[in-house]
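Good morning, colleagues. I would ask you to keep the sequence and the model open while I go through a selection of local features.

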Amino acid sequence: MGWELWSRQLDEEELVVNEEYDEHSSSSRAAGMNGIGHTKLVDPLEDPLPGVGTYEDFNTIDWVREKSKDRDRHREITNKSRESTVALLHSVSDAFSGWLLMLLVGLMAGALAGGIDIAAHWMTDLKEGVCLNGFWFNHEHCCWTSNETTFKERDRCPQWKSWAELIAGTSEGPFAYILNYLMYIIWALLFSFLAVTLVRAFAPYACGSGIPEIKTILSGFIIRGYLGKWTLIIKTITLVLAVSSGLSLGKEGPLVHVACCCANILCHLFTKYRKNEAKRREVLSAAAAVGVSVAFGAPIGGVLFSLEEVSYYFPLKTLWRSFFAALVAAFTLRSINPFGNSRLVLFYVEFHAPWHLVELAPFILLGIFGGLWGALFIKANIAWCRLRKTTRLGHYPVIEVLVVTAATALMAFPNSYTRMSGAELISELFNDCSLLDSSQLCGYKQPANTSDTGLDSLADRPAGEGLYTALWQLALALIFKILITVITFGMKVPSGLFIPSMAVGAIAGRLLGVGMEQLAYYNHDWLIFRGWCSPGADCITPGLYAMVGAAACLGGVTRMTVSLVVIMFELTGGLEYIVPLMAATMTSKWVADAFGREGIYEAHIRLNGYPFLEAKEEFQHSSLAVDVMRPRRGDPALAVLTQDGMTVGEVETLVESTHFSGFPVVVSPESQRLVGFVLRRDLLISIDNARKRQDGIVSASKVVFTEHTPAQPPEAPPQLRLRNIMDLSPFTVTDHTPMDITVDIFRKLGLRQCLVTHNGRLLGIITKKDILKHMAQIANRDPDSILFN
C-alpha cells in the first residue's frame, strides 16, 4: 500500500526527478520567523535566506509557526492597502486568489476525471472486441446508431465484432469461446504490465489509493514529490490501465490523489499558497472533496467526505471553498458527459415501490454483514500487505501484479458478473426489473393472466430458471470478489477500494433481496407480510437491498457514516431511501468497531509508520509528561545550545554528532533556563550562508542568540547573530502535565515538539514521534513501527 520501502530505495533518480518539480513543495520561504507575533530584529548583515523556515522531507510542519506567518503577512497587506490604490488592488487580488485557485482545481480535476472515465470504458470493452465503424468507439457507443439492435439483445450489432469473429470469422462454438477467453487474458495482462512498469519506472508514489498518504500530508507531514506533476501524469495514465485490466479495484480513491496533485501543482501559481504549508493544506482539503465529487458525481458527499474522513484542519472558509470547487468540478464533468446518459450520477435508480417498516430487519442484517466483512477485510488485507513488506514478495512487484491479473482474468471470464467492470456490475445489481427487462436477474416466470387480471404489471413474480442461474453466478462472484480484493488492494498499481467494497455489498444485498421477494410471494399470509403485501402487489425491491448492502460494506471498510449516506443518495438519486441507508451504515460501523476502531486507511497509515495522530483515538492512560519525554533515565543529557557561550565550530560539531530536528536554547548549561528553540535546518542554512557571505566568520566566532550583542575582546572574530531564526515562544508544558492533555495540545495545535520544564528549568522534550511510540506501547504494538517524526 502507498509507497513502501522498495519505492524509497528504487532509484535515487526517481526522487531527484520528483524533487525537480516539487523543489518548493515544502517551502515557506520567509526568513526570520520569530515564533508567535513578536517583532523581528533586523540585522544589517542578514537578508531573508532562501530555505530558512522550510522543512526536510519526511518531517512534520509546525502549524503554529505557519499560521502565525500567514497572519503576519495578512496584517502587512492590510496595513499597506490603506496607503495606495496599487496596494489596495494587491490586497483584493490576494483575497480573491483562493477562489480563483478553487476554480482552476475544479476545472482541471473535472476534465481529467472525464478523460479517465471515457478511456477506461473504451479499454475495458477492448478486451472483448472492437468496433468496425471506428476502433475508438466503446461497445455501447458503437451500437448506438445501429438500426439492427433488438430490445432483448441491445449489445448485439453488426458493427461490433468480438475477437473470435475478427480472427476466426465465427462467434459460436468452443473454438470461438476459447479465442475470446485468450484475448481477454492477453489484454488484461498487457494493461496491468504497462501500469506496474510505468509506476515503477517514473513515479513510485503513483501506486495504491493515495488516501492514507493524503490524510497524513493533511495532518502536516511532508512527502516530497507525492503530489508532484510526474505522479499526476503517471497516476492518470496507469489508473485507466489498472481499471481496464479487470483487476478488482476502483478509480474513486486514486481520483482523490489526482485532484490533490492538481491542487498542489496549481498552488505554485500563487505566492500565498506556495510559501505557506498550512495554507496549502487548506487547498488540499478542498481538493479531496473535488476528488470524490468527480469520482461519484456527488459534490455535497465530497465536501462531507473531506470533512469526516481525510481533513485534519478544516476551518469554515475551507468548507465554502470545498463546496465551490466540488461544484465547479461536477459541472465540468457534467459538460463532458462521460457516461453518455446526460446524468452526473453513476448509478441512477428509479424504484417503484416504497419500503416498509418490516424491511428494516433485513436492512440491519445487511449492516451486520457489512461490518463483519469490513473488519475481516481490514485484518486480512493488512496481514497480506505486512507479508509483502517483510518477505521476498515485496521485491517482485511486477510479477505479483501479473500473477494476480492472470488469476483474476482466468476466474472472471466464465462468469458474466465477474467479467463486467465493477461499476457495470453494481449498476446491474441496483436495477429494478421491468416486464421487458432482458437481464438474467429479471428471469422471473411470467404470470399467464397478466393482461386479464389488471394486476400491477410490476407485481412480485415467482423466480424462473434464468434468475436461479443468475443467483448461482452471483454467489460465486461474491466469494471471488471477497478473496481477490484482499490481495489486489495494496499492489503497485493505482487501486481504489470504493467500487470493490460496494460490489461485495451489492451482491449480498441482491441475494437477500431476491430471497425476501420470493418469501413474500409464496407466504402472503404470514404475519409480517399481512396488511401491506397482498397478492399481485409489488412489495419487495431487490435493487434497494443491493443499494443498502453496498453502503453497509463500504461503511464497514472505511467507517464513513454521514458522508457515505449522502454519497449513496447522490450516487443513485434515491432520496426517499435515506432511513434504510442510515440504519445499515450505522449498524455496519458499530459491528466493525467491535472488532477494531481503525478503518482501512488508518490501518495502512499505521502499517507504513506515518506520524499520524488519529483524532478519533482516545488517550486513556494516566501517564505524565515526564514519563514520555526524552532524555529518559540513563540516557545522555539533552543536546542544547547556549544563548551566547558557544562558537560556530562547537555548534557545527553538536549538529553533526546528533540527528535531532531542533535544539532548545538555554541561558547557560548550569541554569538551564529556557530562552527559545532553533530548528536544525535553519541553523545549518544560516551558518553555511554566513561563512560564504559574511566577512570574518570562522569556527572560533561566537554564536549569539541574545537581543544585544555582548562585549568581546577587539582581536576576537566577529560574532554570528542568529536571534532571528529562533522561536522565542516555544510551547512548553510542566513535567506534571497529564499526557491526555499533552496529546490534545499536539492534536489541536498540530505541534511538532513541546519542551518540558520544571520551575522554568528545561528538563526534556516531547516530539510527535515520542507520543505515537508511547501510544503504540500502551496498545501492545511495536513502538519501532513509527518510522518518521
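The protein chain contains 30 helices and eleven strands; helices (H or I, at least four residues) and strands (E, at least two) are DSSP runs, numbered from the N terminus. This is a predicted model, in which local features need pLDDT of at least 70 and side-chain atom pairs count only at pLDDT 80 or more, while totals for chains, interfaces and linings use all residues. Residues are numbered from 1 along each chain as its sequence is written, and side-chain values use heavy atoms, with hydrogens and water left out.

Of the 789 residues of the protein chain, 57% count as buried. Buried means under 20% relative accessible area, exposed over 50%, and partly exposed in between, with a 1.4 Å probe and protein chains only. Among contacts between residues at least 6 apart in sequence, 74% join residues at least 24 apart; contact means heavy atoms within 4.5 Å.

Let me turn to a pair of helices. Two packed helices are described by the angle between their axes and the distance between the axes. Helix 10 (residues 252–267) packs against helix 12 (residues 277–296) at an angle of about 140 degrees, and their axes are 7 Å apart. That angle makes helix 10 oblique to helix 12. Here axes are lines fitted to C-alpha atoms, for helices over the stretch in contact, and angles run from 0 to 180 degrees between N-to-C directions. Angles under 35 degrees count as roughly parallel, over 145 as roughly antiparallel, 65 to 115 as roughly perpendicular, and the rest as oblique. The crossing of helix 10 and helix 12 is right-handed, that is, the near helix is turned clockwise from the far one by less than a right angle.

Which residues of helix 10 meet helix 12? They are E252, L255, V256, A259, C260, A263, N264 and C267. Their counterparts in helix 12 include R280, V283, L284, A287 and F296. By class, this contact has 14 nonpolar, two polar and two charged residues. Ala, Val, Leu, Ile, Met, Phe, Trp, Tyr, Cys and Pro count as nonpolar, Asp, Glu, Lys and Arg as charged, and the others, Gly among them, as polar.

Helix 10 also holds P254, which is buried, with a relative accessible area of 0%. Leaving aside neighbours within four places in sequence, P254 is in contact with residues including G208, K235, L239 and P494. P254 and L497 are 243 residues apart in sequence, yet 9.3 Å apart in space, C-alpha to C-alpha. T485 lies in helix 20 (residues 465–488) and is buried at 0% relative accessible area.

Strand 9 and strand 10 pair in the parallel sense over three bridges, and the bridge partner of T734 in strand 10 is T757.

Strand 10 (residues 753–758) and strand 11 run antiparallel, joined by six bridges, with H758 bridged to R761. Two residues lie between the strands of this hairpin, where N759 takes a positive phi near 55 degrees. Is strand 11 largely enclosed or open? Five of the seven residues of strand 11 (residues 761–767) are buried, so this strand is largely enclosed by the rest of the structure.

Finally, some backbone geometry in the loops. F58 is not a glycine, although its phi is positive, about 55 degrees; it sits in the loop between helix 2 (12–21) and helix 3 (63–81). R559 likewise is not a glycine and has a positive phi of about 65 degrees. R559 is buried, at 5% relative accessible area. A cis peptide bond joins R630 and P631, with omega about 0 degrees.

How values were computed: Pairing = 2+ DSSP bridges.
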